[in-house]
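This report describes selected features of the structure shown below.

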Amino acid sequence: FFANLLGSLNVPQIHPYVSLAWSVLSAANKVIINQQGCDDRIVGLAGAMNDAFAFVHDAEPLKAVKAHLKVVTLLVQQATECGYFIAEYAKENSFLARTMRYAFSGIDARITEYEKKLLELKNAFLQGVAVHSAVTVFRIMNQVQDITTAIDLNDMPYASGARYTREKGCLPGTRETFISEICDIINNPADDAPRVCLLTGVAGSGKSAIAHTVARLYDQQRRLGSSYCFDNSHAATRHPGNFFSTIARDLSDHDRQYKESLWEIVKDKRTLRMSTSPVEQLEEFIARPSEHLDVIGPILVVVDALDESGDRTARESLLSALSKQITESKLPTNLRLLITARPESDILAMLSSSQVAHKQLDDVDTTLVDADIGKFVKDSLCGYHELDLLWHDQEWCHLLVLHSQHLFQWASTACHFIKGDGFVGVDPCQQLELLLRTTGGDTPGPLDVLYRTILGQLFNPATMDQFRDVLGVVLALNEPLSLSALQGMFHGKVNFRRILQPMGSLLAGVVNEQKPIQPLHTSFRDFLLDGDRSLAFHVSITSHHQCNIGLASIACMQRMLKFNMCNLQDSRVLNSQVDGLQERVKAAIPSYLAYSCQYWMEHLHHVECSQDVLDQVTDVFKTCFPYWLEAISLLSQVVPVTYISSAQQSCALLQQWAKVNSVCVAGLAAEAVHFIEIFAPVMQDSTPHLYLSAMPHTPSKSTLRTLWAHKLKHGACFTPDQPQTWPIVVQILSGHAGSINSMAYSPDGQHIVSDSWDNTIRIWNARTGQLLVIDPLQGHTDWVWSVVYSPDGQHIVSGSRDNTIRIWNARTGQLVTGPPQRH
């Protein structure tokens, strides 16, 4: 019945949901067929689903469905949820085993809820009334209590803006077969089903559009756990160091029991919450919190453009962590990943497993691809009737499809160009004729030819120097800035509009000046940076561009930073208690000033330390360095952790950069590193106390103190018993109850392990002095004589007077399985 019904619901707006429902119900049907007997309740639920849909089948199909589109969509979504439930519930072979396993979860009550919801939707359809509630979802079978624990995961690294974008999905009615095949992989309920669907294809083939479409589909079904889209233009904020922590925080928002499980692991381990190790993050943030969850149906995580997570070296640890967890089947049973990437050899090698289903866009029948590109082109240019006057029978569409060489990105860019994005009064027929004259259906590198054709139309040789200067700045930025932000940072000294505004077919953000400027597709960035491909339009990111951005950032800070930027009235109130502080920060510190505060030294350290640049950096210290720290403190309220750590990194880079030419500036930078390291909690918790508590406690002989003195005009004073210099001892670590016999640094220098006569071992953060594992490592029955890290830093081995050797997990402090080795 469902096969006939779903086949009749051929309305484009709900086709994706119908396709997903068919995938789920087909899988559920197979599970039930393989089961020797069916429970009466499951049979009853199936009957309720039949009854709920029968009236749709009997109604005048097209007219009725279009008139009640919202209700029918909800019905299909609810049927999908019922399918997930049936498939999961019917997995066990024994009805008794299922009943005993989940009796405490109120399975009967849950089935009743499904039946009530189906009846509610049926009545809404018949009565023509609106339905405001969402579908009924039971995701965790063993969830038995409300979560009341106060949980704060905000200091875990998070990539804001990495989520999927609805507008980047496929045009409705395109890539349907391929998307359905991906859904079949994700929805497979078998215990040995692949956990990962890897989608590969060449640049411009439409991988990202498919990823964004699938993400939206599962998001509408409330089964998208997270989505993370890597992008070379956002490399500073989207990278392996915050990849798994971002997914973990999204999963926590998605499921409250997962959130509590994660909190139990990280609540007393601040350093663990701030970890940027992909191996550690995957194990501690995702695998361990999921160990005891029994999930109904798949929870999907979509990862787009994995190849843009960095070069081979940068993404090695991420791929290694993923590969290990996938190969050893340590990922949660119902957690499914959709990963898109170009077919890079390291990605293919590391993600080669029986747990990975590899789909290749290159294998899709080109006839189907071209048909979808044809739909896309017709939809994009449907209002340009002059094309039909010049090319009869829509021959223009056929020609564009032919020239695309099966690349969606070619078609998308060509349509933007024909419409004249960024121009006023462009003749679409002339634009199309230009593309057809200079590109051919069998042209090698069709995207490269297209990009050269468009740029050749926009710029002549006289403008090429300005073109390279402007595009060099855009590509050198660590994060994209909008056109208005670029104008604000450079204070009108560079005419960005002249070069960027005509490039609407290649760059996002040129029409709306408040949106970030960035390539519409990564292939355009790759094209510009590769001289063999871009030829005359080659853009090389040089120290000249880095210097321009760095000096513009410095000038921006000097113009705009000042005391008490957000007009905070009461120093007794913590930042977290100030009403609307985040909104006040965003109003007082525009995006380009925030960028300048975070990245000024990231750019300048690429530049030779000339006297001119050094003088300008020195002037920053003299005029606005305290106000820079105030801005960093305020910005940390918007993005916890990131800005304070970037400020410390900036000072460390400055110290290294200036030490040859200016001992004075290098010394100031070194003191600033100490200051931020010691007073980071003050900066995070209370901006006023930078001036009232932190700065007055600067050592009396510190050069920084001379900078603070004339800034403290509001009641603070230096105390006479201040230390004269910065402490030689950076940290004093205490916690052992007996003498310490030995200690060792981890291979990466991030942690210290120590042992003691108190029979315990402790692991510390080498920078902050905090315990990595709060409880001491216990297991030895006598003094521990020595400890050492394994070469890869994954384990610790200890030797004791109890005649045993023990091996510990270096991240969790857990004893590695197996009896102690006795001597």
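The model is predicted. With a relative accessibility of 44%, Asn 803 counts as partly exposed, because the range for that class lies between 20% and 50%. Asn 803 sits in the loop that joins β13 (795–800) to β14 (804–809). Its phi is near 70 degrees, a positive value in a residue that is not glycine. Most residues other than glycine have a negative phi.

A second case is His 406, whose phi is positive at about 70 degrees although His 406 is not a glycine. This residue lies in the loop between α18 (395–404) and α19. His 406 is likewise partly exposed, with a relative accessible area of 35%.

## Helix α21 and its partners

Two packed helices are described by the angle between their axes and the distance between the axes. Helix α19 (residues 408–419) and helix α21 (residues 446–458) have axes that come within 10 Å and cross at roughly 15 degrees. That angle makes α19 roughly parallel to α21, since angles under 35 degrees fall in that class. The crossing of α19 and α21 is left-handed. On the α19 side, the contact is made by Gln 409, Trp 410, Thr 413, Ala 414 and Phe 417; α21 contributes Pro 446, Leu 447, Leu 450, Tyr 451, Ile 454 and Gln 457. The residues of this contact of α19 with α21 comprise 8 nonpolar, 3 polar and no charged.

Helix α20 (residues 428–438) also packs with α21: their axes come within 10 Å and cross at roughly 130 degrees. The helices α20 and α21 are therefore oblique to each other, and their crossing is right-handed. From α20, the contact involves Gln 431, Leu 434, Leu 435 and Thr 438, while α21 supplies Val 449, Leu 450, Thr 453, Ile 454 and Gln 457. The residues of the contact of α20 with α21 divide into 5 nonpolar and 4 polar, with no charged residue. Leu 450, Ile 454 and Gln 457 of α21 take part in the contact with α19 and in the contact with α20.

Tyr 258 belongs to helix α11 (residues 256–266) and is buried, with a relative accessibility of 4%. Leaving aside residues up to four places away in sequence, Tyr 258 touches Ala 248, Leu 251, Ser 252, Phe 285, Ile 286, Pro 289, Ser 290 and Leu 293.

Asn 187 is located in helix α8 (residues 176–187). At 5% relative accessibility, Asn 187 counts as buried, because the cut-off for that class is under 20%. Apart from residues up to four places away in sequence, its contacts are Leu 20, Ser 23, Val 24, Ala 27, Tyr 84, Tyr 218 and Pro 298.

## The protein as a whole

The secondary structure of the protein comprises 34 helices and 15 strands. Of its 823 residues, 53% are buried. The accessible surface comes to about 36,100 Å², and carbon and sulfur atoms account for 51% of that area.

Among contacts with a separation of 6 or more, 71% are between residues 24 or more positions apart.

Conventions: Residues are numbered from 1 along each chain as its sequence is written. This is a predicted model: local features need pLDDT of at least 70, side-chain atom pairs count only at pLDDT 80 or more; totals for chains, interfaces and linings use all residues. Side-chain values use heavy atoms; hydrogens and water are left out. Axes are lines fitted to C-alpha atoms, for helices over the stretch in contact, and angles run from 0 to 180 degrees between N-to-C directions. Helices (H or I, at least four residues) and strands (E, at least two) are DSSP runs, numbered from the N terminus. Angles under 35 degrees count as roughly parallel, over 145 as roughly antiparallel, 65 to 115 as roughly perpendicular and the rest as oblique. A crossing is left-handed if the near helix is turned anticlockwise from the far one by less than a right angle, and right-handed if clockwise. Contact means heavy atoms within 4.5 Å. Ala, Val, Leu, Ile, Met, Phe, Trp, Tyr, Cys and Pro count as nonpolar, Asp, Glu, Lys and Arg as charged, and the others, Gly among them, as polar. Buried means under 20% relative accessible area, exposed over 50%, partly exposed in between (1.4 Å probe, protein chains only). Accessible areas come from the Shrake-Rupley method with a 1.4 Å probe; for residues, only the protein chains shown count as cover.
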